[in-house]
Amino acid sequence: MAQPPTTSAPPSARRPGRARRLRALAAGVLAGTLLWAAGPADAAPADTSRRAPAAERPAGPPAAGQAAGRDAAPPPTGSAAPGDDWLHTRGNRIVDAHGNEVRLTGANWFGFNTTERVFHGLWSVNITETTRAMAQRGINIVRVPVSTQLLLEWRDGRAAVPSAVNAYANPELAGKTTLEVFDHWLDLCEQYGVKVMLDVHSAEADNAGHVHPVWWKGAITTEDFHAAWEWVTARYRGDDTLVAMDIKNEPHGGAGDSPRAKWDGSTDQDNFKYACETAGKRILAVNPHLLILCEGIQIHPKDGADWSSTDAGDYHSTWWGGNLRGVRDHPVDLGAHGDQLVYSPHDYGPLVAPQPWFTGDWNRATLERDVWDPNWLYLHKENTAPVLIGEWGGFLDGGPNEKWMTALRDLIAEQGLHHTFWCLNPNSGDTGGLLLGDWKTWDEEKYALLKPALWQHRGKFVGLDHRVPLGGAGSATGLSLTDVYGDGGGGPADTAPPTAPTGLTATATGATSVTLRWSPSTDDTGVTGYDVHRDGVKVTAAPVTGTTWTDTGLTPATRHTYTVRARDAAGNTSAPSAALTVTTAPAGGGEPAGTLKVLHRTTDGSLTDNAIRPELRIANTGAAPVDLAAVTARYYFSRDGGAPSVSAWCDHAALGCAGVRLRVVPLSAPVAGADAYLEVGFAGGTLAAGRDTGEIQLRMSKSDWSAFDERDDHSRAPSSAFTDARTVPAYTGTALVWGAPPA
């Protein structure tokens, strides 16, 4: 659970919140009164189903107190872990061993991190019924907070029978130690097709342990932290029910705090980037198939400042674990296993703390622009790595908290982000849970809000197991990966291709380029991209995610025939669109010859929200300086209903937003792909030969904040990298010197 950043939260919010106080109170009560579990630790037969292969286990008797048949030390490294459900990454996606895209959409269940050292709620409910209910309702992965202290106790044979387990409600757990309860639960997860992520929530087993900002504390050293991760990895090395390790929950600390977590290129003890990197490499040396999750921190220095400053004004601050700005300059390096890395921010609403971004007329667009994009969403939009939001959730208040939760839920669903909702437990005082106070009844209103963000296919929930459907054998609500994708040796279960794209047109034709646009296809499970074919040969290296694309490097005065095919998540390809024949312009004609060009990119993956966010650079390709006061560029778009009035803002410009002039101009009559354009001009200055303006980040919204549909906009960039944009024409005075407006 996140605490608010100290730079923006009121003093009362900087102390442990209601959740921490309630958990601490519960710990004291439970420790004294919940004495239902019976029998000594060695009364139950040892479960050896999760141990490493016999050849890898150390010889000799177990340590004192160690469950028989369990590993007391890590096995040798280097050999592959058994199982076929291991996952890895590809760009900003997570895929299975066959390369099929998967989504991790789950929830948190805390308790093993606390003084009880076992799931909370087992004093009331049955562990099997609760696990089955989660699976049947679409929770395909559970994030389990633990402590370094608990892992070391398990390693050293000091697991105790917990007092917080009701053996009447859980006869299958009677006499089991905390470690044996965890092993039993892993077996249940395997039975119901649920995967598991471990999270070191705190150094010590403490209900408020996560309030401590770093991964070492008291007797728990940094080396203990790494050794604990190695031990638990070795113990479950062959078990692909446990597929991910979240290295440390919410490292944090403000400008004047000591200790505090930072993110830079050093090997300092408090550099969480280095700690996550080190732990990840040591884990992957034992099992190279695990996903490694690295959370963010709390603060990051603004331009011109560094980590030596104790002035809060020198830092960007956000939720604990939510600040991943440092990845731009200092990405986590897992060496040869870089395709196991996932970044995992946390995000919360105004009921946890009244942050500055929840003041004024805020909405999803402002949250995305001011909080999510700069702190962590850029990693997904720029295809750097997958993002899994490890904690988000809260009370449904019918007001601002619910507004925030709905906005983030919509972002998760639209972008296909991974997430684990906080939380199952009703005793999280700051957020509540998916369960009500009896630990049995589901909060149906909150679950209904969460449900669209869970991975679904044809009306059923999708698990991450290839053989077991989510919910278990014969599940009426869940599917396995084989149900969705096939078994890798046969035909895919989804054999229905998308519809063929329609409306293929050329929106701009130059001597060496053609810009295409088409109408989107439909599919029962969702279109994932488009392949463009020129003269019968596919010319797109990767599927196009939008519905526009520019073909460059062509020969002047040459005739080409284009078709487009759609793809879905199962790999089905549509029939080709109707063919379009285009002839490039003659050399020296057909497109303006000038000394300017416009480059454009988009890092905004949402095509149907209430903001358009072009990012431009204007370059001087000539041999003489250009007077910027005479330069304009036009970004053509459609307003798509709603209020006709559109406002534009400069969010960032390398040359300074004060020098950028913007106006939105409606067209006298709509044309294909546009009924207005944004004109970008400059107050003055000179652009030297061979130089460009640097990045100019722009944003437009309608006065009623209704949504745009950018998929057919004339000027929208097809790429997240800056590329020549002939669909954004440039002018010197009234003379067109680059690109072409829509016909």
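A disulfide is taken here as a pair of cysteine sulfur atoms within 2.5 Å. By that criterion the structure holds two disulfides, and when the bonded cysteines of the protein are numbered in sequence order, the pairing is 1-2, 3-4. The model is a predicted one, in which local features need pLDDT of at least 70 and side-chain atom pairs count only at pLDDT 80 or more, while totals for chains, interfaces and linings use all residues. Residues are numbered from 1 along each chain as its sequence is written, and side-chain values use heavy atoms, with hydrogens and water left out.

One of the disulfides is formed by Cys276 and Cys294, with sulfur atoms 1.9 Å apart. The torsion about the S-S bond of Cys276 and Cys294 is about -95°, so this disulfide is left-handed. Cys276 lies in helix α7 (residues 272-286) and Cys294 in strand β8 (residues 291-294), so the pair ties together parts that are 18 residues apart in sequence. Helices (H or I, at least four residues) and strands (E, at least two) are DSSP runs, numbered from the N terminus. Cys276 counts as buried because its relative accessibility is 0%, and Cys294 is buried with a relative accessible area of 0%. Buried means under 20% relative accessible area, exposed over 50%, and partly exposed in between (1.4 Å probe, protein chains only).

The other link joins Cys650 to Cys657, with an S to S distance of 2.0 Å. The link of Cys650 and Cys657 is left-handed, with -70° about the S-S bond. Cys657 has 25% relative accessibility, so Cys657 counts as partly exposed.

Strand pairing is the next topic. Two strands pair if DSSP finds at least two bridges between them. In general, strands of a sheet pair through backbone hydrogen bonds, either parallel or antiparallel. Strand β19 (residues 527-534) pairs with strand β22 (residues 559-568) in the antiparallel sense over seven bridges; within this pairing, Tyr530 has Ala566 of β22 as its bridge partner. Strand β22 also pairs with strand β23 (residues 580-583), again in the antiparallel sense, over four bridges. There, the bridge partner of Tyr562 is Leu580 in β23.

Asp531 belongs to strand β19. Asp531 counts as buried because its relative accessibility is 3%. The side chains of Asp531 and Arg567 are joined by a polar contact of 2.6 Å. A polar contact is a pair of N or O atoms within 3.5 Å; within protein, one must be able to donate a hydrogen and the other to accept it, and residues adjacent in sequence count only if both atoms are side-chain atoms. Leaving aside residues up to four places away in sequence, Asp531 touches Lys538, Thr540, Pro543, Thr563, Val564, Arg565 and Arg567, where contact means heavy atoms within 4.5 Å.

Strand β29 and strand β30 (residues 674-682) run antiparallel and are joined by eight bridges. The bridge partner of Arg663 in β30 is Glu679.
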